[in-house]
Amino acid sequence: GKRFTRTLNNLSEWVRKNRHLPLREQRQKLNEKLRGHDAYYGVIGNSERLSNLRYEVRRIWRKWLMRRDRERRMPWEKFDAIMRNYPLAPPRVVHSEP
């Protein structure tokens with residue numbers, strides 16, 4: 001729980017500081033971070049938590065993208081269109097526990 005929260009806080013902070021970057025670069029860096037997280041926490045039996053992380057990252061990314069614009073609103077339909085063009089890496093179980 002604490003590690004998951006810390007990961008989300010770190011990702012949120014990164015997105016906040018880098019929301020000015022083009023979407024392509026943001027997606028690339030987020031995917032690098034997610035793959036690194038999967039490499040460490042991607043063990044058999046943890047796939048639900050990896051999926052939860054993707055869900056929360058989508059929510060966080062949308063929140064900070066909304067703050068790039070003066071309108072401050074982005075319907076989920078618009079964000080889903082962005083996600084179709086710039087998808088996040090799917091969760092991956094990398095190794096099994098010894």
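Q: Which residues of helix 3 are buried?
A: The model is predicted, so local features need pLDDT of at least 70, side-chain atom pairs count only at pLDDT 80 or more, and totals for chains, interfaces and linings use all residues. Residues are numbered from 1 along each chain as its sequence is written, and side-chain values use heavy atoms, without hydrogens and water. Buried means under 20% relative accessible area, exposed over 50% and partly exposed in between, with a 1.4 Å probe and protein chains only. In helix 3 the buried residues are Leu50, Leu53, Arg54, Glu56, Val57, Ile60, Trp61, Arg62, Trp64, Leu65 and Met66.

Q: Why is tyrosine 41 called partly exposed?
A: Its relative accessibility is 23%, and the class lies between the 20% and 50% limits.

Q: What makes tyrosine 40 exposed?
A: Tyrosine 40 has a relative accessible area of 58%, and exposed requires over 50%.

Q: Why is the pair of tryptophan 61 and phenylalanine 79 called edge-to-face?
A: Rings of Phe, Tyr and Trp (its six-membered ring) pair if their centres lie within 6.5 Å; planes under 30 degrees apart are stacked, over 60 edge-to-face and the rest tilted. Here the centres are 6.1 Å apart and the planes stand at 90 degrees, so the pair is edge-to-face.

Q: Where does arginine 62 lie relative to tryptophan 76?
A: Arginine 62 lies over the ring face, 4.3 Å from the ring centre. The criterion is NZ of Lys or CZ of Arg within 6 Å of the ring centre and within 35 degrees of the ring normal.

Key. Helices (H or I, at least four residues) and strands (E, at least two) are DSSP runs, numbered from the N terminus.
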